[in-house]
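Subject: Handing over a structure, with notes

Dear colleague,

Please look at the sequence and the model before reading on.

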Amino acid sequence: MSSVSLEAVQKTFGKTTAVNDLNLTIHEGEFFTFLGPSGCGKTTTLRMIAGFYYPTIGTVRFNDKDMTTVPPEKRNTGMVFQNYALFPHMTVFENVAFGLKVRRLPRADIRKRVISVLSKVRLGHYSDRQVSQLSGGQQQRVALARALVVEPEILLLDEPLSNLDARLRDDMRSEILRLQREFGITTIYVTHDQVEALSMSDRIAVFNFGVCQQVATPEEIYNKPANDFVAQFIGETNVMPASLIYKDEHHAVFKLEPAGQKIKVKKTNCHISQDKGHLALSIRPEGVNILKQHCEGDNIFKGKVVFIQFTGALFHTHIKIDKHLIIRATQLNTEANISFNTGDDVWVHLPQENVRVVPKIEVTANA
Amino acid sequence: MRNPEKRKTVYLLIPIAVILIGYVLYPALSTLFESFQNKGAVTIANYTDFFSAKTSSNLIALWHSVYISILSVIISAIIGMTLAFIFNKYNFPGRKLFSGIAIMPIVLPSLVGVMAFMFLYGEAGLVPNAIKDLFHLKDIPFKIGGITGILIVHAYTMYPYFYMTVSSALNNIDPSLEEAAYNLGAGRWRVFWEVTFPLLTPALIAASLLVFMVSMASFSAPFLLAGGYRVLSLQIYFSKMNGNLDMAATQSIILSVVSIAFLLFMRWFQNRKDYRMANKGIGAHQSEVNHPFMKIVMVTIGAIGMVILLLPHATILMMSLVPQGAWTWQTYPTKFNFENFVLLFQDPEILHPLKNSLVISFIAVLGDFIFGMITSYVLVKRKFIGKNLLDILVMIPWALPATVVGMNLILAFNHASVFSLGKILVGTFWILPLAYFIRFIPLVVRSTNAVLEQLDDSIEEAARSLGAKWFYTFRRIVMPLILPGVLGGTLLAFVQAVGEFPTSVLLYTLDNRPISIEIMNQLRMFNTGQAAAYGMIQVVLIAVVLFISNKYLGVKSENTL
Ligand SMILES: Nc1ncnc2c1ncn2[C@@H]1O[C@H](COP(=O)(O)OP(=O)(O)OP(=O)(O)O)[C@@H](O)[C@H]1O
Ligand SMILES: [Mg+2]
């Protein structure tokens, strides 16, 4: 078991900077996820950890050992590829045994360990099959078994579920988690599926355009996004550009741009906003209240319902405040909430404890 | 170097570069250099000589070569395309059999094919004489020779290039494209010219290119049939035999320039348009031929074609069974036995050339196998600067006519050099294995490229991350996966090497003379039976290899060209 740390890592391909100034530490036994939109450098980072790419600048360490230019075969990582990369000319058994053979283990040992790992991934009966005769999910488990059997320091998974259908994906998610917990192995998981990332990870690193935006637990990522990109990429949110006009020891008051509505925010939600850059307020749709009558209080605005979508358990409502601002709200399907229609006048309440102040980053392509 | 993978690439590249530079580039440059030499001075005298009206024979030969090549393309295209259409678009009894027979010319090595045509249609040929006797004519009604002879042999041996590429293109055309055109109201003729034909363009260009280059390089047919008719490949041979190496070099350069210019022109033409189909072929439908009269016509044409196509094979087989001296002055042979084959095992003099051919070809293709596999791996799987250059170097022996490859080697190794380890190679055993090795590098590299491109990079990476070193990965993962493709290419190279004539005739010595040279010797001594027996052995060898590569190595017959 190892920890992994990346120090000031940069990787460029010609003129493209795939990963820029990345500093990360992944702890022993952790399930760590790289999350981000397509092309943001997740695979590149993973491949630098596996040793298929060498960083242009920076250092890769396992525990405290410098691994930056160690070739892949000497890193003792187990990698599961997106297309599984099973050896087509070998049986399931031979595929799984490959890494052990390379390590020159005695035959009997190899046999024992392969059989044991195959039964752990529930493929005990398939060991003599040719890999081409397996279903997608089975192939995926062979790939996992092949990576796990060598007892790697670090398990690397690059979108291992993206080729599977939705049902199988759910099954495999819990399967991977179960095996990870059982082996207690440091695991780095790449995905662009936020549900997958939130539900499986101990910690998540969110990438955009080669830059790591935030590293935190799933709850923190969701509830305390570091900036507007993270807030928008993970889940739905209302992001409103704003500027500070007043603050005291408990509250801060912001003015929305450009229309100028004033919004009061709890001081504890403002700690990121100290710097001079542009700011935005973020509130999740499920944090927004819709009122049918006008009430006195902070952060209440009149609007018109312009869109309602029913998805079973939830209602999604869009409320137009003025020509610059549409607030999205999500409510549970309870009787109290069902009673308005498109075109109704309503009041939205943005509870100050649900509003979060985030820095607004310039989202520019560096490609 | 920070990156150990780069270091590995460099280690792999060094031997590849040394071999290509030493045995491909350096010989080609030697020829270029020699062509500017005249009586020890650097001049363009050889070129002015070539193009001067005084010695017009060179210009005429150049013109003849181009003329024959263009006609060969046209004739082969007409025959090959027609057959491809009939066999792939219509269904009638015997279609499968006929379409299988249509590619039979490829099992005849060119020298053996020419020999068969001489036995059949030449001065003393069986067919003209049979017609003479049948109709009690005074003279034979026709015989092949000169330009018509060359063209007939070219048409016979080269139409399969068109037949195979067009057939496979036809099968890859999504039938719904034609159906869509019919559905939009187009008639048959319109559909053919506006839909089917344009989609065949890449296949037709590829085949034209091949036929043109093979015709330009063609040596056996002019050698045996030309009579006084001059073609450039033959002129090179004559110049060399007359000891006029400067002129031979000049002629080689000009022949190469024409071939390569045509290649570049075709490449350019091909890249102008993108004909790739949106989705892969579903296998074309064939229209049933239902009209009984048409059915009979089709089957009859097929049967006659089959006889014409197989007559050369049958002739070689028959002639090989005629013992020496049994067919001297009668019109037709009367006595048949296995004497010629038995002699192979009894007379070491007769076995010797066969053994030579097998040994030399084996050495050469063993080299091609190893060199081709590594070169192809580097070309497909490694990144480095100068890849295009390496690609071009690898393809040079394919683009150059065989006669030129032979000349290059003569001019490079008739004196000691670093690449021959300070020895003179010309006149030794080793020059032939070297020549065959160079000739067949492109074939093996290309067939390996095809399989390597299919191999996902992540397979190799998976093995590396499981702890396997590069060489172990190559041996246990990459090699087993690409072996069928490499072996297929190597086997083809082997059978072609066994029949290789143009380089052999320039480079052989008495001791290492291969089958093709011995066939010529036997023919010269009117010992036709023995010559045919050597030919028969080659035919069987090729047939077996093609069968094996088709059946076990998954090599498609159209890839064999
Ligand atoms: N071998 C390479 N050569 C050149 N550019 C590359 C290479 N690999 C990646 N890139 C570039 O680096 C950037 C990051 O690529 P990367 O594969 O890491 O993205 P990713 O986050 O894994 O995306 P996806 O979710 O689509 O897999 C992209 O702009 C890509 O085009
Ligand atoms: Mg990726």
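What follows is an account of the chains, their contact and some charged pairs.

The model is predicted, and for that reason local features need pLDDT of at least 70 and side-chain atom pairs count only at pLDDT 80 or more, whereas totals for chains, interfaces and linings use all residues. Residues are numbered from 1 along each chain as its sequence is written, chains are lettered from A and ligands numbered from 1 in the order in which they are written, and side-chain values use heavy atoms, with hydrogens and water left out.

**Chain A**

The C-alpha atoms of chain A fill a box of roughly 80 × 45 × 35 Å along the principal axes, and the chain holds eight helices and 20 strands (DSSP runs, H or I of at least four residues for helices and E of at least two for strands, numbered from the N terminus). Of the 367 residues in chain A, 51% are buried, where buried means under 20% relative accessible area, exposed means over 50%, and partly exposed lies in between (1.4 Å probe, protein chains only). Among the contacts in chain A (heavy atoms within 4.5 Å) between residues at least 6 apart in sequence, 65% join residues at least 24 apart.

An unreviewed UniProt entry places the annotation "domain: ABC transporter" at residues 4–234 of chain A; UniProt positions are given in the numbering used here, feature names are shortened, and annotations may be inferred rather than shown by experiment. Over residues 4–234 of chain A the model is 37% helix and 26% strand, with the end C-alpha atoms 25 Å apart.

**Chain B**

For chain B, an unreviewed UniProt entry gives "domain: ABC transmembrane type-1" at residues 62–266 and 354–549. The span of residues 354–549 of chain B is 79% helix and 0% strand, and its end C-alpha atoms lie 23 Å apart.

**Where the chains meet**

The size of an interface is often given as the accessible area lost when the parts come together. Chain A and chain B bury about 2,200 Å² between them, of which 63% is on carbon and sulfur atoms; this buried area is the accessible area (1.4 Å probe) that two parts lose on being put together, summed over both. The contact draws 31 residues from chain A and 23 residues from chain B.

Between the two chains there are six residue pairs in polar contact, with both residues at pLDDT 80 or more (a pair of N or O atoms within 3.5 Å; within protein, one must be able to donate a hydrogen and the other to accept it, and residues adjacent in sequence count only if both atoms are side-chain atoms). On the side of chain A that touches chain B, the elements that give two or more residues are strand E4 (57–62), strand E6 (77–80), helix H2 (92–102) and helix H4 (136–149), and H2(A) provides the largest share with four residues. By class, that side of chain A has 17 nonpolar, eight polar and six charged residues, with Ala, Val, Leu, Ile, Met, Phe, Trp, Tyr, Cys and Pro counted as nonpolar, Asp, Glu, Lys and Arg as charged, and the others, Gly among them, as polar.

**Salt bridges**

Over all chains the count comes to 21 salt bridges (a side-chain nitrogen of Lys or Arg within 4 Å of a carboxyl oxygen of Asp or Glu), and two are found across the interface of chain A and chain B. In one, Glu461(B) meets Arg47(A) at 2.5 Å, N to O. In another, the side chains of Glu73(A) and Arg464(B) meet at 2.7 Å, N to O, with Glu73(A) in the loop between strand E5 (65–66) and E6 of chain A and Arg464(B) in helix H19 (residues 457–465) of chain B; both residues are buried.

Within chain A, Arg203(A) forms a salt bridge with Glu30(A), the closest N and O atoms being 2.5 Å apart. This pair links parts of the chain 173 residues apart, from strand E9 (residues 203–208) to the loop between strand E2 (16–26) and strand E3 (31–35). Arg203(A) counts as buried because its relative accessibility is 17%, and its side chain also makes a polar contact with the side chain of His27(A) at 3.4 Å.

Lys304(A) and Asp345(A) form a further salt bridge at 3.5 Å between the closest N and O atoms. Lys304(A) counts as partly exposed because its relative accessibility is 42%, and Asp345(A) counts as partly exposed at 39%.

With best regards
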